[in-house]
Amino acid sequence: MTIRVLSIASEAAPLVKTGGLADVAGALPAAVAAHDVAMTTLLPGYPAVMGAVGTGGGKTRAVHTWPSLLGEPARLLSGTIGDHPLLVLDAPGLFRREGGPYGDATGRDWADNGLRFAAFARAAADIASGAVKSLRFDIAHAHDWQAAMAPAFLRFAPAGIAPPSVMTIHNMAFQGHFPATLFPRLGLPDEAWSINGVEYHGGVGFLKAGLDSAWAITTVSPTYAREIRSSEFGMGLDGLIRARGNQVHGIVNGIDTREWNPASDRALANTYSARTLARRAANRTALESAFGLELGSGPLFVVISRLTWQKGMDVLLSALDHLVGTGARLALLGSGDKALEAGFVAAAGRHPGRIGVRIGYDEALSHQLQGGGDAILVPSRFEPCGLTQLYGLAYGCVPVVSRTGGLADTVVDANPAALAAGAATGVQFNAVTHEALCDAIDRTVALYRNGALWQAIQRAGMKSDFSWGRSGKAYADLYANLLEAR
Ligand code: ADP
């Protein structure tokens, strides 16, 4: 029997993306389709999404209206994302505004984010419990705090109408915490205002409510699933995670190999495979010129990242003089904290021709960095899964990563035993400190200088299994188990 799943996400590639959540939500429908799961994605009707689905023409049509969705008029559009069904919540008062999905053009969060994503989740809960006659779902699957109220609305729904729900944590650091004044607007029963409900430290905790209400919880790597049981990584919700015990599952992300395949990537000057690694040279030259770097013999490190404390970018900044001192170079693409942005721009000024920095968000350039760089640096303090190291593996851009979360699970450190076995795919280091990162850079440069060894590491990475195969099945099995338990 085909299992029908409503995937509730605030972003999904290629329509709207600010980070890894979009890659995963975009790839999941195809990943589970192979296991007899029919997934429909629900997205908010931001301008970019409305533009892509059209506003009535083509195959898009309105399938439902809410005269008042938590006070806002809204309607539901039905269309497609890639080969899969898409539902778009068109609530102009909440989502049709210029800027990003979560904030204005200056990066400031929208003041009404609580109401915006509560309404999104309310709509999702309605749809999942059969409010739209033409749409039937067996499971509601919510991603991150923006969708996390959906399991809570379902839990407090009248008996018998709500399907089982799954809550996936893509990053525990973002929790959606809003003032108590939001609660009366949610239309939830009084009993929901409780520690066993949506109340969290005197306010409404969206992720907390989702974690407390969902039938099952998943996060995006086995190591992160263990880490969030501790106060160091649980960000205050570790007690709740521990209490949910074996209902918490770690399922590692795959990559969408239709988007990320060096053999067919149209963003690259030269496509290549593990057998034609020499063809990467042209991509590297193109990068050197795009970033104003000296054509060089030393390794070219790359970074594609939000510039934040989580990503260890402050530590990387402190290691740049050392990196250049080894004869290596760096090309960095990213945006985020203003102080870090300024720090990287200043470092590029100090090391002209050795460090190139592009502040901003550029999808094509991110592919070019993977396709031409020698090694990608990911020194995260915590990393639920991480995707850039997976793209690095697929592209022969050797990942150099801290040993945490999904980074620990997906990269095999080039220690002597792994090298001897031909299993090494990258470099790992323990604590995210200046010394440990400098050490990892030194180890990487030494490996790089042994050309045959380096190519073996590149090839082992390119051959490793970073597809959605196993993880798509893990989600399908989880859905089936929940339906059985019902
Ligand atoms: P997170 O979701 O925490 O930011 P991930 O590694 O899971 O980190 O996913 C980040 C995604 O965003 C990857 O697809 C990466 O290539 C992309 N990305 C990050 N920064 C940029 C940027 N400045 N330009 C283009 N893509 C970026």
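An oxygen atom of the ligand sits 2.8 Å from an N or O atom in the side chain of R306, in what is a predicted model. Taken alone, the ligand would expose 560 Å², and the protein buries 92% of that area. Both domain 1 (3–254 + 469–485) and domain 2 (274–463) contribute residues to the shell around the ligand, and the ligand therefore lies between the two domains.

**Contacts with the ligand**

- The ligand has 18 residues around it, and K17, G20, R306, K311 and G360 are the ones that come nearest.

**Make-up of the ligand shell**

- The elements that supply two or more residues to the shell around the ligand are the helices α1 (20–33) and α16 (388–395), together with the strands β13 (300–307) and β14 (329–336).
- Strand β13 gives the most to this shell, with three residues.
- By residue class, the shell around the ligand divides into five nonpolar, eight polar and five charged residues.

**Aromatic pairs and a cluster**

- The rings of F117 and F120 have their centres 6.3 Å apart, within the 6.5 Å limit for a pair, and because their planes stand at 90 degrees to each other, the pair is edge-to-face.
- F117 and F120 both belong to helix α4 (residues 113–128), where they are three residues apart, or about one turn of the helix, and both of these residues are buried.
- The rings of Y448 and W454 have centres 5.3 Å apart and planes at 75 degrees, so this pair is edge-to-face as well, and Y448 and W454 are both buried.
- One aromatic cluster is formed by Y46, F95, Y102, F117, F120, W145, F178 and F206, so that the F117 and F120 pair described above is part of this cluster.

Key:
Residues numbered from 1 in each chain as written. Predicted model: local features only at pLDDT ≥ 70, side-chain atom pairs only at ≥ 80, totals over all residues. Heavy atoms only, no water. Near = heavy atom within 4 Å. Polar contact = N/O pair within 3.5 Å; in protein donor to acceptor, adjacent residues only side chain to side chain. Areas by Shrake-Rupley, 256 points an atom, 1.4 Å probe, with all protein chains shown as cover. Helix = DSSP H or I, 4+ residues; strand = E, 2+ residues; numbered from the N terminus. Nonpolar A, V, L, I, M, F, W, Y, C, P; charged D, E, K, R; others polar. Domains from an automatic or database assignment. Phe/Tyr/Trp six-rings, centres within 6.5 Å; stacked < 30°, edge-to-face > 60°. Buried < 20%, exposed > 50% of the residue type's maximum accessible area, 1.4 Å probe, protein only.
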